[in-house]
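Dear colleague,

Please find the structure below, followed by a short account of what was found in it.

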Amino acid sequence: MDYEAIVIGGGHAGIEASLALARLGKKTLLVTQDPETIGKMSCNPAIGGLSKGNLVREVDALGGEMGLLIDQSMLQYRVLNRSRGPAVQAPRAQADKALYAALARKAVESQSGLSVFMDTVVDLVTDAAGRRVEGVVTERGSRIGSRVVVLTTGTFMEARLFIGEWQGEGGRLGERPAKGLGDALRRRGFKVGRLKTGTPARVRFRSLDPDEMARQDGDAESGCFSFMNDVSDRPGLPCWITYTNEDTHRAIRAGMGRSPLFCGAIVGRGPRYCPSIEDKVARFPDRPRHQIFVEPEGGNTDEMYLNGLSSSLPEDVQREFIRTISGLRHAEIVRPGYAVEYDFLDPALLSLTLQSRALEGLFVAGQTNGSSGYEEAAAQGIMAGINAARFLGGEEGIVLSRSEAYIGVLVDDLVTLGVSEPYRMFTSRAERRLSLRQDTADLRLTPKAAALGLASRARLERLARRRAGIDEIVELLRQRRITRTEAEGDAALEPHIGEAVLDTLRDHRVAGGARRLLPGLAERFPAAWIETAELDARYAGYEAKEARLAARMGRSDALRLPENLDYGSVEGLSTEAAEKLSAVRPATLGQAMRVPGVRSADAALLLVRLTGLSERRGARTGDAPAEEGGD
């Protein structure tokens with residue numbers, strides 16, 4: 001074999017997959033159409049956000065690169081939802097897109113054991129039976145051998161672009177698609193579908209009127225995504241907020257007949273939770289306005305991104321409706337908005353390790369799996385890379401449970417539920433979102449990275465210091481008691497006289513938190529350590545309740561289903577359940593219970609079947625059943 005692993009595509013999934021493989025000692029090749037576009041942000045110039053910020057911190061905790069890249073290239077940092085509970089708070093940073101991509105390319109090219117090759121993969125090489133991958137075939141005729149392939153083509157596989165009546169081939173405007181591979185996969189029997197995404201116009205900042213928009217600055221103290229960093233010294237740039245109006249909507253409606261979304265040119269389904277502006281106007285006709293964020297694309301460019309105005313309407317219509325918006329009335333469009341339609345593979349045909357069940361050694365990650373967003377792609381990429389490396393070593397794959405990480409929720413949702421539209425992560429998808437806070441990702445996952453060999457000594461030392469510091473803070477909060485003098489004049493504190501500060505923090509009526517109740521704490525410990533200790537104390541009861549729920553889920557997830565189980569032979573199982581389970585091939589009873597169409601009665605029948613199989617195995621091996629009673 002030429003390489004142990006080949007990664008197809010240099011986007012966010014491909015970066016994490018190739019780096020993980022190389023860092024785990026596997027000779028890896030990253031094949032990309034253009035090395036200059038490694039890490040390029042196709043759409044919004046930002047990393048993180050609600051639930052997405054959690055994913056980035058989890059990728060970082062596992063030894064990934066995305067958190068480090070955004071820390072070095074951010075233009076503004078904000079923690080979203082500060083006024084709400086910690087389970088739905090998340091970091092988000094505006095990115096210098098050019099700098100982010102340059103840093104990503106540097107990280108890839110400087111990684112030992114990882115090579116980059118410029119070409120387009122048009123087919124896979126398999127064994128004679130077509131059951132095991134053995135490499136790739138490229139557009140220029142190269143046959144490159146490998147034992148595993150990680151497919152991360154993003155929005156480029158058989159991709160087409162749409163702007164009004166105009167259509168063209170491309171994965172991004174000005175960049176050609178990856179042609180051939182999608183059709184080759186169809187010929188091999190893979191279930192390939194079409195999805196759609198889009199992006200808004202970019203405009204010149206000098207043509208805008210900032211005084212007509214609301215200025216939005218970042219947090220006073222800029223935080224970081226990576227647990228290897230504490231604070232950022234990056235220069236901050238403001239964003240701006242404005243709104244559409246009835247004139248905007250009137251111009252959009254007038255051009256709707258020329259939209260490829262409404263005239264049938266686009267067949268792929270777009271993202272429900274990030275629709276185009278023409279979608280919003282059509283679906284919400286009574287809404288008088290829609291919020292628009294005007295965001296910088298970089299520190300060395302005048303381009304601004306119109307977040308919330310994604311569109312594939314004709315360019316003249318885009319120009320007309322953009323100029324009806326306050327602050328944008330003289331806007332000069334640098335790049336028009338457009339839609340992209342592309343091939344994706346049905347993720348329900350993957351195992352929880354992201355390996356194809358149809359072709360051994362093929363792993364799939366990112367938008368090729370029907371997900372959306374840089375963060376979802378990176379999360380899948382690192383897991384695909386880790387599991388491809390373990391496959392090469394003859395080791396069992398790593399699966400993060402839904403109670404361990406947002407990454408576990410993401411992968412389980414994709415593989416168990418499949419997709420009919422681009423998948424987007426939300427905090428509401430996580431049953432244990434209080435326990436999966438973004439500030440605890442290192443405590444949860446870095447020990448796993450250490451066991452895998454992906455955590456550096458420096459990272460482990462930082463984790464040890466942080467864990468010891470949090471423990472010390474908790475002990476101080478436990479020892480310190482509320483005095484009568486402190487409670488005087490504070491009705492919220494009076495019921496807690498003589499009580500430990502640790503317990504007092506659980507009363508939401510007590511203002512000021514640990515810093516107020518334990519003077520000097522802020523001078524001794526980093527703010528992030530104090531926050532984690534305080535949140536753990538404040539929400540201990542809720543987390544215990546989540547833990548009990550997770551334990552019940554865990555019992556089901558621990559019951560493994562035979563890979564070759566004939567669901568049609570399970571007596572009493574509904575026809576729909578048998579068909580769905582035969583298609584998904586769930587690994588555990590817990591996963592089977594989450595398959596749409598599987599009822600609780602069906603799950604009970606599977607449990608009976610599992611019990612019977614276990615008893616028969618015990619009888620064959622001579623194990624005696626447990627006797628009733630006992631001392």
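Glu 175 is located in the loop that links β12 (166-169) to α5 (181-187); helices (H or I, at least four residues) and strands (E, at least two) are DSSP runs, numbered from the N terminus. This is a predicted model, in which local features need pLDDT of at least 70 and side-chain atom pairs count only at pLDDT 80 or more, while totals for chains, interfaces and linings use all residues. Residues are numbered from 1 along each chain as its sequence is written, and side-chain values use heavy atoms, with hydrogens and water left out.

Glu 175 counts as buried because its relative accessibility is 15% (buried is under 20% relative accessible area, exposed over 50%, partly exposed in between; 1.4 Å probe, protein chains only). Apart from neighbours within four places in sequence, Glu 175 contacts Thr 37, Lys 40, Phe 156, Glu 169 and Gly 170, where contact means heavy atoms within 4.5 Å.

Glu 169 is also the bridge partner, in β12, of Arg 160. Strand β11 (residues 160-163) pairs with β12 in the antiparallel sense over four bridges; two strands pair if DSSP finds at least two bridges between them. Both strands belong to an open, antiparallel sheet of four strands in the order β12-β11-β20-β13. Its edge strands, β12 and β13 (192-199), each pair on one side only.

As for the whole protein, there are 21 helices and 21 strands. Buried residues account for 56% of the 631 residues, and the C-alpha trace spans about 80 × 75 × 50 Å along its principal axes.

Yours sincerely
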